[in-house]
Amino acid sequence: MEAGGDTAAPAPGDAEDVEDTRSPSEEAGDSGGVHEDPPDPGEEGLEDTGSEIKDQPPGLRSPLPQLEAPSCTCRLWDPAASENSSLDDPESGSGGQGGDPSDEDWRSKRKHVFVLSEAGKPIYSRYGSVEALSTTMGVMTALVSFVQSAGDAIRAIYAEDHKLVFLQQGPLLLVAVSRTPQSVAQLRGELLAVHAQIVSTLTRASVARIFARKQNYDLRRLLAGSERTLDRLLDSVERDPGALLLGAVRCVPLARPLRDALGSLLRRCTAPGLALSVLAVGGQLVTAAQERNVLAECRLDPADLQLLLNWVGAPAFAAGEAWAPVCLPRFNPDGFFYAYVARLDATPVCLLLLSTDPEAFHDMATCRRLVEDGMHTLGAMRALGEAISFSNTPSAIALAYSVQAVGASGLRHFLYKPLDIPDHHRQLPQFTSPELEAPYSREEERQRLSDLYHRLHARLHSTSRPLRLIYHVGEKETLLAWVTSKFELYTCLSPLVTKAGAILVVTKLLRWVKKEEDRLFIRYPPKYSTPPAVPAASMDQASHNGLFPGP
């Protein structure tokens, strides 16, 4: 159901027209055989969570199993560290002050995201305190219930320059209130990402069982400490829209020989139950390797990988090592892996290992030491560390590159996603873009460019009248968007560039990307087979901890 405003499709016209269009979102997900979700706590556990839950990291709270702590010095994810981090905006997030709808500062925000239960119990708000917004969330619940009573479902409301997008996911209701140029489909994609981040902590089945037993349960008790993770997710969408718009991950530009060597290193450093190995730095992917049995069932979804990269970006993960369950919603929303997270050699380089064995911490720590030693031998640790610490000096590896590297006069910025990568159905979708430079150095200009990209994407992927090519001349820049069977491209050019000049710039850009594709993308993802499990393990234990889908 859609209410209010004029929702008619734009009238047919020239391709230069870059208007906001609304298209339904696409939801896709694969299911794999990982840990089945364990039984959730009983009624007493739902009633009384007490102070001990607040002291546990979100990944280790019920309804996930209370694991016996390994005899090690691993660092657990401390939610308090995330909450008190100086890196986060103290005024943002559900733990912030204010939130009264009459407050001008709160009302001035361009976009709000709310999460609440079907019973109207507040769970999360992007800005302000959920306690102060309980009345507002109650109105949202009433709207949804009123429409449902008529046998319908509310999807969006258009009111002047605002869009209200509703998304029902089981017992959770997610709402976005926006006055940005984003389409309803794009806002719904953000809500799906927020829901996936919540499911990654608790699993979908556990959330459903919790609310089936107690409809007015306060889910904040189990998510305490995860608010900043949700804040970072929404912040990343604002700062770098490419990942969510293109459904892809960004890779660190890296010479192919070194990337291949790192992939071979991950293939060699395996252990029983190890399903996925990821090397990342600065929220960007260096390389990843999946166990062959997992690859035989489905590929790693970019949404799951982006979720993991956001999760390990918590300040509490900045040093040491951690061991916690985590769910990959696109892979299997009702099961979970055990994640080993470590910073290598006290640098921002992060190693993430996903295992199906809850007792594999020491095996994963051994793999970490082997990877660390191997990276020192290859010189990769030093090169990556220099790229991070001295981003303004020449380095063998750069986490970001200048648009000047393309050598195309008039080109200011671009987003590029290849669609013809080898082994496409098993490959991880990736994209690349240069760092933002003048005239997009200020936050206001970056936000304006992000809005332009959202409008271009909405027009290209409109269900009423999809386009393959858009050429738009604006006051401050010229935009060209192009989708073919081989790539999806969004370019920002100087406003003085002519149409013929824009074609020459794009041609030069495509040639440069073709020449640099082995450095910009993971062309051939590494695969490996894990060693056989120990013979002493029983069949029941093997089917529970391994990649056995069960009956």
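In the protein chain, residues 24 or more positions apart account for 69% of the contacts with a separation of 6 or more. Contact here means heavy atoms within 4.5 Å. This is a predicted model: local features need pLDDT of at least 70, side-chain atom pairs count only at pLDDT 80 or more, and totals for chains, interfaces and linings use all residues. Residues are numbered from 1 along each chain as its sequence is written, and side-chain values use heavy atoms, with hydrogens and water left out.

The protein chain holds 18 helices and 19 strands. These elements are DSSP runs numbered from the N terminus: H or I over at least four residues for helices, E over at least two for strands. Of the 551 residues, 54% are buried. Buried means under 20% relative accessible area, exposed over 50%, and partly exposed in between, with a 1.4 Å probe and protein chains only. The accessible surface of the chain comes to about 23,900 Å². Carbon and sulfur atoms own 52% of that surface. The areas come from the Shrake-Rupley method with a 1.4 Å probe; for residues, only the protein chains shown count as cover.

Strand β9 (residues 274-281) runs antiparallel to β10, and six bridges join them. Two strands pair if DSSP finds at least two bridges between them. Ser 277 has Ala 289 in β10 as its bridge partner. Two residues separate the strands of this hairpin, and Gly 282 in the turn has a positive phi of about 60°. Strand β10 (residues 284-291) is mostly covered, with eight of its eight residues buried.

Now move to an open sheet. Four strands build it in the order β14-β18-β17-β16, with antiparallel pairing. The edges are β14 (411-418) and β16 (469-473), each pairing on one side only. Neighbouring strands here are turned by 5° against each other on average, direction ignored. Axes are lines fitted to C-alpha atoms, for helices over the stretch in contact, and angles run from 0 to 180 degrees between N-to-C directions. Inside the sheet, β17 (residues 478-483) and β18 (residues 487-493) pair in the antiparallel sense over six bridges. Leu 479 stands opposite Cys 492 in β18.

Two helices pack on this sheet. Helix α16 (residues 443-460) touches β14, β16, β17 and β18, and its direction makes about 140° with that of β18. Helix α17 (residues 499-520) also touches β14, β16, β17 and β18; its direction makes about 130° with that of β18.

Next come the rings. A search of the whole structure finds twelve aromatic pairs. Rings of Phe, Tyr and Trp (its six-membered ring) pair if their centres lie within 6.5 Å; planes under 30 degrees apart count as stacked, over 60 as edge-to-face and the rest as tilted. Phe 414 and Trp 512 have ring centres 6.5 Å apart and planes at 75°, so the pair is edge-to-face. It links strand β14, which holds Phe 414, to helix α17, which holds Trp 512, 98 residues apart. Phe 414 and Trp 512 are buried.

Tyr 416 and Phe 487 have ring centres 5.8 Å apart and planes at 25°, so this pair is stacked. Tyr 416 lies in strand β14 and Phe 487 in strand β18, 71 residues apart. Tyr 416 counts as buried at 8% relative accessibility, and Phe 487 is buried with a relative accessible area of 9%.

Elsewhere, ring pairs link Trp 323, Phe 336, Tyr 338, Tyr 340 and Phe 361 into a cluster.
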